[in-house]
Number of protein chains: 2
Amino acid sequence: MRKLFFLLTLLIPRALYAADGSELWLRYKPVDAEVAQRRTIRLQVNNEIAQLAKKELDSYWSGSPVELRLDRSVKRLKEGYQIKRRGSDLLVTAAKPVGLLYAAYHLLRLQEVGADVQNIDIEEVPDFDIRILNHWDNLDGTVERGYAGYSLWKWDDLPKKISPRYERYARANASIGINATVLNNVNASPQILTPDYLEKVKALADVFRKYGIRVYLSANFSSPKVLGGLADSDPLRKEVKAWWIAKVDEIYKHIPDFGGFLVKANSEGQPGPQDYGRTHADGANMLADALKPYGGTVMWRAFVYNPTQEDRAKQAYQEFVPLDGKFRENVIIQIKNGPIDFQPREPFTPVFGAMDKTQQMVEFQITQEYLGFSNHLVYLAPLFKETLDAETFSRGPGSTVARITTSSAGGSKKTAISAVSNIGEDDSWTGHHFGQANWYAFGRLAWNHQLTSEDIAEEWICQTFTGATAFREPVRQMMMDSREAVVDYMMPLGLHHIFAFDHHYGPEPWGDMEGGRPDWMPWYYHNADTTGIGFNRTKSGSNAVSQYKEPLQTAYGNLTTCPENLLLYFHHVSWSHTMKSGRSLWDELCFRYDRGVKEVREFQKTWDRLESYVDQQRFEEVQSKLKIQTRDAVWWKDACLLYFQIFAKMPIPYELERPIHELDELKKIKLDMKHHN
Amino acid sequence: MRKLFFLLTLLIPRALYAADGSELWLRYKPVDAEVAQRRTIRLQVNNEIAQLAKKELDSYWSGSPVELRLDRSVKRLKEGYQIKRRGSDLLVTAAKPVGLLYAAYHLLRLQEVGADVQNIDIEEVPDFDIRILNHWDNLDGTVERGYAGYSLWKWDDLPKKISPRYERYARANASIGINATVLNNVNASPQILTPDYLEKVKALADVFRKYGIRVYLSANFSSPKVLGGLADSDPLRKEVKAWWIAKVDEIYKHIPDFGGFLVKANSEGQPGPQDYGRTHADGANMLADALKPYGGTVMWRAFVYNPTQEDRAKQAYQEFVPLDGKFRENVIIQIKNGPIDFQPREPFTPVFGAMDKTQQMVEFQITQEYLGFSNHLVYLAPLFKETLDAETFSRGPGSTVARITTSSAGGSKKTAISAVSNIGEDDSWTGHHFGQANWYAFGRLAWNHQLTSEDIAEEWICQTFTGATAFREPVRQMMMDSREAVVDYMMPLGLHHIFAFDHHYGPEPWGDMEGGRPDWMPWYYHNADTTGIGFNRTKSGSNAVSQYKEPLQTAYGNLTTCPENLLLYFHHVSWSHTMKSGRSLWDELCFRYDRGVKEVREFQKTWDRLESYVDQQRFEEVQSKLKIQTRDAVWWKDACLLYFQIFAKMPIPYELERPIHELDELKKIKLDMKHHN
C-alpha cells in the first residue's frame, strides 16, 4: 500500500504540483541519480549552514563538480562569495558559511535561467549588511496592510508546533540574500516581549538560523510600563533602562543571534520618548545601550508627523535632522522612501543625506497598501530603484540614496535596507503571483542595488514560470510597464494620497470627514480648486523644497524645471498650464488616466496570449486579477476625472474613452476590505 | 404680486422650461402678435377637430395664410390631406376633420425642420387605416414591460379627475398620425369591462376624441364567466354571445366611437376559446359579431405557443394558417414582427402572407423589453422597416409585409398596424429621451411606411433638439447605428432569447430552471455545444424554414445562402465554420460582441461632443444612460463570450479587448427590476 502511494505520487505531473505558486521561484528539479554520481559537491567544514549549501547543490545542481571552501580570512567578502572555474570543477569561496549558501543559490539561479557557467569568475559582496523584511503581523494572526491571508506565524501553535512553511520561508529568503526579519508589526504589542512569546520567537529563530536569518522584533516603547509595571517608560529613568537591559539579556539567552529592535515611536499614536519630553535620540540610545553588549541594532523609524499646521511632508526632516550626531553607533534611522507614505510615486525623503553623522536605511513597502493590494500587477523594482538611484546631492553629485545608505559614516556601523513584507499564509505567499516578484526584487536589490529592474524581472520569470523567449519577453515588458501604469491610473503627475480612507484601496479624492485630521484628508494633498490642482511646496507655499539640496531645491521649486511626474507634488498648477506634451494640465491629466487604463487592458492581452506557457491555476488566477485591475483602473480614472472636473470645468478630451460611472455612485462605494486589519 | 409672478414666468428661459423632455417633439414657439396679425388661418366648418387644427396653426404657424377646407367628397384621401399653394396662401384640403388636424401638424413639422414650403404641393394618404398603440398598462397602475414609471392612466382618479397629460398624450399622438389606442394590458383584467371602469374609459375617450383618437380595450376572454357569472365563456354558447352583445352595446352607449377589442387568447396562460375546444376563429368571430353593428374591430393576437416538442417559432403558423378564411371581416390577426418575441433581430413571422383570406397586422414593440429597457439608446425605425420591407414572396416578388398588411383582402376590411407603447408617467414620457424617437418613428411609419429611417430621425432631431447640422448629423448617425450595435453586443448573428429570466434585462445564456418550460430557457434557443451553436430550423432540424415561401425557404435553409445576421436563428453552425469575413464563427462572434461595445463607446463620445447644443438636464440624462449602456454592453459581451467559450474551447481573438468579468460572478447577478411588473 505504501509503495502504491509512492508510485502514485510519482505519477502526479510536476506542473500540477506547482500550480498554486507555493514553490515561488524555487522550482528546481531534483537531479537524477546518474548526474548525482558524476558531479560531486565537496565541502570540508562541518557547519550547519555550509552543509545546507552542499545539500541544496547535491539535490539540484546538475553542472560541474563543486568545491565549497570556507576561508574566514577573506573578510572583504562579508557574506559574499567567489565562484571560479578550476579545471573541470567550480571553486566556491566564502568567508562565512552563509556565503556558501548564497553561492549555492547563485549557482542554482544561473542553472535555472540557463546561463553559461563555463568561464565563470565572479565575486559577489552584498551592498547592505542587514537585508531585512518587516512583517506587520499582529499577534492575533491578522496582518496590518496584509493582502495574502493571515499571518504566516502561528503564534498559538508555537513553540510546540513548527509549521513546515517556516523553513520554506527561510529558504526563500536565503535564496535571494535576505538575512533578517522583523516578526511583528511596528504598531507593536508589548506582549511580544513576554517570556511566553520569547519562547515562540526562539522557536522561529531556531528554524531561521540555519538559513542565515536573524530575528528582530518591533518593540513597544511602553513595554517597561505595560509589562514591567513601572510608573512610566521614560528612557532617562534608571528603572526603565534597567528593565530594558534585563529584557535584552533575557532575549539573548533565548536567541543568541537576536538582531535587535525596530521601533515606531511617537508616530500615529504609538508611545515614545517624547511622551516624557525626551528626544528620539534619547529613546533610541537607551535601547541601543542595552543591545550593544550583544551586537544588537536599533532601527528607529523616522515616519513621524503630527496634525499641525506644518506640511506633513516636512515633519520627519524637522524632527530628525537636528538630532544628527546624537545617535549611538548601533542605531539606524529607518526612513520611508518617500516623505508621505508609500505612494505610487513620491520624491525621495529629504532626510536621506541630511544627517551626515547618522546611519540611515530605507524602508520600502512590498505589500501594495496604495498600489492595489494583492489585486494589481505592479512590479516594484523600478520604484525601489527610483529611490535608491535618486541623487540627494548631499555630498555632491553621485550622493544617491543607495550610496548614502550603503556607506557607513563610521567604522563599526552597520548598513541596512528594509521593506514591509507582502507575505501571508496564502498558498501563493503573496496573494498575487506577481507579488512574489516584488519580494524577490527587494532581496536582489538589497544584495546588489545596481542590478537592473529588467534583469531581476528576467531572472524571476525564468525561475518562476519559464525562460521561453516568447513568454519571458512580453512578461518582462508588462512588468516593466506596470509601475507607470499604476501611477497613470491612480495618481499621475505627482498626485498623492487621494485614496479611500481607512482601507486605502480605491479612489476617494473627495474624501473628507468632519473633524478629521486634515493630513489624513485627500483635499489636504490635491488642493483642487477652480484655479488648479496640486500642493504648493515651493517657497510661496510650504517650502518643503527647501529641505532638498541644490540643485534639486531650485529644480523642484520651479514650475518649468520640476519633473512632470512630480509636478503636483511640488506645485499648485493652473488647469490651463501647458505641459511638455503641448496639452493643458487638465488634458494631460485626462490623457494619463486614460493611458493607465489602456496599459492594463494591454496587460490582459499580453497575459491571455501566453496561456499555453503557464499551468492552468496560475494562468487563471493572474487572469482574474488582471480583470480586477482593469475594472479598478477604470474606477480610478472615472472617479478622479469626474471629481477634478468639478474644478477644472473643462471637458475630458473628446478623443478619449468616456467615463462609465456616475460620480455620485462612486462616492457611495464603501468597501469592507477583509484583508485590512 | 400676481403681476410679479407673471413677469418672473416670462423670465424663465425656454431652454430650462423644456429641459425635462416633457414637450417631446412638440416644441413649437408661439407666434408673436405681429405675425398672427399678418397671417390668417381660415376655416369654414364648425367641427371640434377642425377647430383644433385652426387653433394649432393660429398659435404656432408663422408662415403664409392658410385656408383649411373640408371636402368630404375626396374619399381617396381617407384621413389624409392635400396641401397646395394658392397665390400667397396655402390651401389645405381634407375629406375628414382629422385630416385637417394632421395637415396642421404637417405644416408645423415643416416649419420646425426649416423646410421650404414655397412650392408645396403634396397629397398625403395614410398607409394604414388604424394606427394604434398598445398599452400594457394594468389597472393597479403598473405597466407590464414598462420602463418609464407607472401608468399614465390614473384609474383611481378617473373619471372625475382628468390629468392634463391625457390631452398632451392625445396631441402628441395626433401630431404623428396615431389614431387609436388600447388602454389596457393584453394580459387583461376582466374588470376593465365593469360599469365603473367603462365610465373611466369614457372619460379618456372624451379627451382623445377631439384629436381623432379612438379607444380600444384588451378583453379578457373569460369576462362572461368572471363578470357575468356564467358557467363558462364558451364562444359558441348562446348566453356567452348574448353577454358580449350586451356588453358591447353598453360600451357603445358610453363611447360611440369605441374601436373594438384586442385579445390575447390561449397564450401564456390567458383564457381563450380553446379552453372549450373551440378555435381562435370561433372566439374572434363571436366578438366580431357583437362589434359589427357599431363598426368595431377585433384584433386577435397570433402570439401563441405551448411547451410542446414543436419549435416555438413554428406554432403561430401551425395554429393560424389552417384557419385562413374562417375569420369575420372585422377581425384582424395581430402578428408580432418576429416568430419569437421582439428580439433585437429575428426574421419576419411567416404567418405574414400565409393567410390570403385574412386581414393581418403587425405588432411591433416600442418599449424595449429585450433591448435594454429605457436605459439603452436604440433607434427602432430600422428594426420596424426591416419587417415592413421584408419580402414574403407570398404573392410573388414585392409581397412585402407592408404590402400584405396595407392591402385589404376584401372591400370593407380595415388595415392596421400596432406597437406596444413605451409611455409612462415619467416627465420624459419614455424614460430615455431617445425613446421618444421610437414612439415618433412608429407613428410616422404607420402613416407612411416608405419614409426612410434617416429622414424620420432627422425630423425628430430637428424638432426635439435642434436642426444645427453639427448636432443633427452625428446624432442621426448614432441613431442609425444604434440598432446594429445592440444586436452586436446582445445577440449577434441570429442569436435570440438568451436574456435573463423574468425581467429580460441582462444576459443569461446559461439560464436554466429545474422543471421550467424548455421554451423559456436560453439553451432551447442557442443550443451551444462543443460542435457549434444555433437553432437548426432547416429540414434536418425543426424545419421552421418550410413555413417560408420560396426562394426564402431555400435561402434560409442553406448554410451558405442564409443571411449571416440570421445564421444562428436557422442553423446550428460549427464553431470553426468560415464566415464571409474569413473568420471562424467563434472569432466572428467575438468580433461582433466587441464591435457592439466599441459602438456604444463611440455613442458616448458623440454625445459628449454635443454638450453645447443641448439643455443641461437632457444632456446629462442621456449621458448617464449612455454610461449604463456601455457598462451593460461590456456585461453582455463578457457574459456571452465567457459562457459560449466553454463550448467553443477557443480563445477570444487576442487583438480584442479582454473580458473584465468572471463568468461565475456574472451568474450570481440577480436583478430586482422595479419597472418590471
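This report walks through aromatic pairs, a helix, the chain contact and salt bridges in a predicted model.

## Ground rules

Residues count from 1 along each chain as its sequence is written, and chains are lettered from A, with ligands numbered from 1, in the order in which they are written. Since the model is predicted, local features need pLDDT of at least 70 and side-chain atom pairs count only at pLDDT 80 or more, while totals for chains, interfaces and linings use all residues; side-chain values use heavy atoms, leaving out hydrogens and water.

## Rings

Over all chains there are 94 aromatic pairs (Phe, Tyr or Trp rings, the six-membered one for Trp, with centres within 6.5 Å; planes under 30 degrees apart are stacked, over 60 edge-to-face, the rest tilted). Take A:Phe384 and A:Phe442: their centres are 6.5 Å apart with 80 degrees between the planes, an edge-to-face pair. This one ties together distant parts of the chain, from helix α12 (residues 381-388) to helix α14 (residues 435-447) of chain A, 58 residues apart (helices are DSSP runs of H or I, at least four residues, and strands are E runs of at least two, numbered from the N terminus). A:Phe384 is buried at 1% relative accessible area, and A:Phe442 is buried at 1% too (buried is under 20%, exposed over 50%, partly exposed in between, with a 1.4 Å probe and protein chains only).

Over in chain B, B:Tyr524 and B:Tyr525 have ring centres 4.7 Å apart and planes at 65 degrees, so they also count as edge-to-face. Both of these tyrosines are buried.

Back in chain A, one aromatic cluster includes A:Trp25, A:Trp153 and A:Trp429. In chain B, B:Lys200 lies over the face of B:Tyr197, 5.2 Å from the ring centre.

## A helix and its end

Helix α21 (residues 616-648) of chain A has 33 residues and spans 46 Å from first C-alpha to last, close to the expected 48 Å (1.5 Å times one less than the number of residues). Just after it, A:Lys649 takes a positive phi of about 55 degrees.

## Where the chains meet

B:Arg601 forms a salt bridge with A:Glu657, with the closest N and O atoms 3.4 Å apart.

## Salt bridges within the chains

The total over all chains is 103 salt bridges. A:Arg145 and A:Glu369 meet at 3.1 Å, N to O; they are 224 residues apart, in two loops of chain A, and both are buried.

B:Lys54 and B:Asp58 pair at 2.9 Å, both sitting in helix α4 (residues 48-60) of chain B, about one turn apart. B:Lys54 is partly exposed at 22%, as is B:Asp58 at 28%. Finally, A:Arg42, A:Glu67, A:Arg69, A:Arg86 and A:Asp89 are linked in a salt-bridge network.

Technical notes: A charge sits over a ring if NZ of Lys or CZ of Arg is within 6 Å of the ring centre and within 35 degrees of the ring normal. A salt bridge is a side-chain nitrogen of Lys or Arg within 4 Å of a carboxyl oxygen of Asp or Glu.
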